[in-house]
Amino acid sequence: MTVVEVTGWDCHAHLFGPYAQFPLAADRSYTPPEATEAAYQALLADLGLSHGVLVHPSAYGEDYTLLFHALQAHANLRGVIVAQADTRLDLGSLRGRGVRALRFSHRSGAGGNFAGSASLADLQTLAPRLADAGLHAEIWTDTQVLPEIADALASLPCPVVIDHMAMFSVDDGVDSPGMQTVLRLLGTGRIWMKLCAYRNLQGRDLEAGRPFHEAMVAANPDRVVWGTDWPHLRISPAPRTADLLACLRAWTPDAALQRRILLDNPRALYD
């Protein structure tokens, strides 16, 4: 594997296929189009970024073959896998294979948690083992339920990364109880946030995400990273990934702060 100069990190992306080589799980909630290693490496190059974090999709269930294949082949990639409390994985070996976290889901609404996902209860059971293995937890949650679980997350023995900007509600605004919980958690320094606003905008212009981005960065600029969420599943029309990076730069005009979000913070979390 070739060592790649670090110019920036995309901290949230997914791979799918080729399906002839890496078929999806039979029990899954969705069937996406293929999004291959080669296509993702080309995307990073187009964005001028050197490193990426691949999040294992629940549509692959407990089959990690594609993720481990990509991590072994590409020194510029790190991984986040989905595993439940009864996993047979040797957590202590995962860092050596490029994995840095396990991902869990605790979302509001019927059908919010996909088939194959791991729950908050799984996280609470596994958290001591994650801490011992030098791994962190990632959780897909939202501002509707976050106030109910905030204290539980903050008390875990391992760092916690919230993805998708906690699925904030544009209609509820920055002053909502859920968003205020997000900002409080960021302020503790124990919770990290992945900045990527478009999935939460429900068809609005990307600019509607700016106040949420600015509030989270201001709450703790040392605990925020950025991700594309490529290949933008179940979003129509899908955004241009380059536009998402342009938003980050426009909403965070200070060059030193951009460096923290795209370089320094991801290095601390994933290297």
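1. **Basis.** This is a predicted model, in which local features need pLDDT of at least 70 and side-chain atom pairs count only at pLDDT 80 or more, while totals for chains, interfaces and linings use all residues. Residues are numbered from 1 along each chain as its sequence is written, and side-chain values use heavy atoms, with hydrogens and water left out.

2. An open sheet of 8 strands runs in the order 1-2-3-4-5-6-7-8, with parallel pairing. Strand 1 (9-13) and strand 8 stand at the edges with a single partner strand each, so one side of each has no neighbour in the sheet. The twist averages 25° from one strand to the next. Strands (E, at least two residues) and helices (H or I, at least four) are DSSP runs, numbered from the N terminus. Two strands pair if DSSP finds at least two bridges between them.

3. **Strands 4 and 5.** Strand 4 (residues 99-106) pairs with strand 5 (residues 136-141) in the parallel sense over 6 bridges. Leu102 has Ala137 in strand 5 as its bridge partner. Helix 3 (residues 120-133) packs on the sheet and touches both strand 4 and strand 5. The direction of helix 3 makes about 155° with that of strand 4. Such angles run from 0 to 180 degrees between N-to-C directions, with axes fitted to C-alpha atoms, for helices over the stretch in contact.

4. **Helices 6 and 8.** In helix 6 (residues 210-219), Phe212, His213, Ala215, Met216 and Val217 are buried. Buried means under 20% relative accessible area, exposed over 50%, and partly exposed in between (1.4 Å probe, protein chains only). The buried residues of helix 6 pack against helix 5, strand 7 (191-195), strand 8, helix 7 and helix 8 (255-270). Contact here means heavy atoms within 4.5 Å. Helix 8 lies across strands including strand 1 and strand 8, running at about 110° to strand 8.

5. **Cavities.** How many cavities of 30 Å³ or more does a search of the whole structure find? There are 4. On a 1 Å grid over the protein atoms alone, a cavity is a set of points where a 1.4 Å probe fits but cannot get out; lining residues have an atom within 4 Å of a point. Grid points are joined across faces, edges and corners, and a volume is the space filled by probe spheres set on the points.

6. **The largest cavity.** Its volume is about 190 Å³. The lining has 18 residues, with His14, Tyr30, Arg103, Phe114 and Trp140 nearest the centre. Strand 4 gives the most, with 3 residues. By class, the lining has 8 nonpolar, 6 polar and 4 charged residues. Nonpolar covers Ala, Val, Leu, Ile, Met, Phe, Trp, Tyr, Cys and Pro; charged covers Asp, Glu, Lys and Arg; the others, Gly among them, are polar.

7. **The second largest cavity.** Its volume is about 90 Å³. Met165, His213 and Trp251 are among the lining residues. Helix 7 gives the most, with 4 residues. The lining divides into 11 nonpolar, 1 polar and no charged.

8. **Backbone sites to check.** Most residues other than glycine have a negative phi, and most peptide bonds are trans. Met165 has a positive phi of about 50°, and is buried at 1% relative accessible area. Arg234 has a positive phi near 60°, but is partly exposed at 48%. Cis peptide bonds join Trp230 to Pro231, with omega about 10°, and Ser236 to Pro237, with omega about -5°. Pro231 lies in the loop between strand 8 (224-226) and helix 7 (241-251). Arg234 and Pro237 are also in the loop between strand 8 and helix 7.

How values were computed:
On a 1 Å grid over the protein atoms alone, a cavity is a set of points where a 1.4 Å probe fits but cannot get out, and a pocket is an open set with protein on both sides within 12 Å along at least five of seven lines; lining residues have an atom within 4 Å of a point.
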